[in-house]
Amino acid sequence: MDRANRTDALKAWEDLTIADNFIFQKVMRKKRLCKRLIETILNIKIRKITFAETEKDIHVRRDSKSVRLDVYVEDEQGTLYDIEMQTTDYADPAELPKRTRYYQAMMDMDVLNKGEFYTKLRKTYIIFICTFDPFDRSLSQYTFHETCAEDATLAMGDETTKIFLNSKGRREGINHNLAAFLDYIEGKAPKGKFTETIADAVEAAKENKEMKVEYMTFFMELRRREEKGREEGIAKGRAEGLAEGEAKGTIKGKAEGRWTTLMELVQDGLLTMKEAAKRAGMSEEAFRKLAAQ
């Protein structure tokens, strides 16, 4: 497809980087790279990892919100790791922290069978790699554990950890490999063997014709979902238009359906807030206000 005729919903294939979910997931399918990334972030050594699934969907009830995890692996000890590439800075600062809370609950329910003791729950790490500062403290890494408010030396011992990496933060307090990886996310040249290996994997993925076809198929699915939302909005608008004038109701419903679909795509990590705003034909600030409502 000629680039000039492509929709702006997704980047051109040639412009993708490690910060794009599609490429990040493909590169992290390489066990040695995924394992090394976890070791680099946590400053630990892991003997081996296995993939539960990449882009794992967890459904607990049909009427509950499902979650899609970007990279979901476990090590030889049964510890679970969920790694997410996050490029959307939400207007509501509680969005990402509460998302990790929900992911944690869904992961726990996914592994605990009915009738089992709570001690069977796994040790878990939820890691968000952000291209923005989620807490505005300029740190490159924010690590959260459950501790006692009255005695910070007392850990609750639920074996859950949430980590937010910030590619925009200061590089103090983190190891050089992690610093180089965050710099690479920011578009700087890869430095050191680890980041250079990731950069090579990114280039190899972009030269893979099958992956390019898969990406374009993914792109068409976004178009389908957006069109479905538009059609549902038109139907809703027409129904409402019986009371306020069909043409006016149809236009209103069409817009609402489009906004709703775009917001869902942002929440699923398939579009950035900036891309969604452009698709909606409004400023990013206006789209953020609409999303907050």
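Helices H8 and H9 (residues 284-292) pack with their axes 9 Å apart and at an angle of about 100°. The structure is a predicted model, in which local features need pLDDT of at least 70, side-chain atom pairs count only at pLDDT 80 or more, and totals for chains, interfaces and linings use all residues. Residues are numbered from 1 along each chain as its sequence is written, and side-chain values use heavy atoms, with hydrogens and water left out. The protein has 9 helices and 6 strands; these are DSSP runs, numbered from the N terminus, with helices (H or I) of at least four residues and strands (E) of at least two. Buried residues, 45% of the 293 in the protein, are those under 20% relative accessible area, with over 50% counting as exposed and the range in between as partly exposed (1.4 Å probe, protein chains only).

**Helices H8 and H9**

- H8 and H9 are therefore roughly perpendicular to each other; angles of 65 to 115 degrees count as such, under 35 as roughly parallel, over 145 as roughly antiparallel and the rest as oblique.
- Met273, Lys274, Ala276, Ala277 and Ala280 of H8 make the contact with Glu284, Phe287 and Arg288 of H9, where contact means heavy atoms within 4.5 Å.
- The residues of this contact of H8 with H9 comprise 5 nonpolar, no polar and 3 charged; Ala, Val, Leu, Ile, Met, Phe, Trp, Tyr, Cys and Pro count as nonpolar, Asp, Glu, Lys and Arg as charged, and the others, Gly among them, as polar.
- The axes are lines fitted to C-alpha atoms, for helices over the stretch in contact, and angles between N-to-C directions run from 0 to 180 degrees.
- H8 spans residues 273-280 and is mostly covered, with 6 of its 8 residues buried, namely Met273, Glu275, Ala276, Ala277, Arg279 and Ala280.

- In E4 (residues 124-130), 7 of 7 residues are buried.
- Thr124, Ile126, Phe128 and Cys130 point one way from E4, while Tyr125, Ile127 and Ile129 point the other way.
- E4 pairs in the parallel sense with E3 (residues 80-86) over 7 bridges; pairing requires that DSSP finds at least two bridges between two strands.
- Leu80 has Thr124 of E4 as its bridge partner.
- E4 also runs parallel to E6 (residues 160-166), joined by 7 bridges, and Cys130 has Asn166 of E6 as its bridge partner.

- Ser167 lies in the loop between E6 and helix H4 (176-185), and counts as buried because its relative accessibility is 2%.
- Beyond four places in sequence, Ser167 touches Cys130, Thr131, Phe132, Leu182, Ile185 and Glu186.

**Nonpolar cores**

- The largest nonpolar core has 45 residues, and Phe24, Val27, Cys34, Ile129, Phe181 and Ile198 have the most contacts inside it.
- Another core, of 24 residues, lies apart from it and includes Leu80, Tyr103, Leu271 and Ala280.
- A nonpolar core is a set of buried Ala, Val, Leu, Ile, Met, Phe, Trp, Tyr and Cys residues joined through side-chain atoms within 4.5 Å.
- Leaving aside neighbours within four places in sequence, Phe181 is in contact with Leu37, Ile129, Phe194, Thr195 and Ile198.
- Ile198, in helix H5 (residues 192-206), counts as buried because its relative accessibility is 0%.
- The C-alpha atoms of Ile198 and Met28 are 8.9 Å apart, although these residues are separated by 170 residues along the chain.
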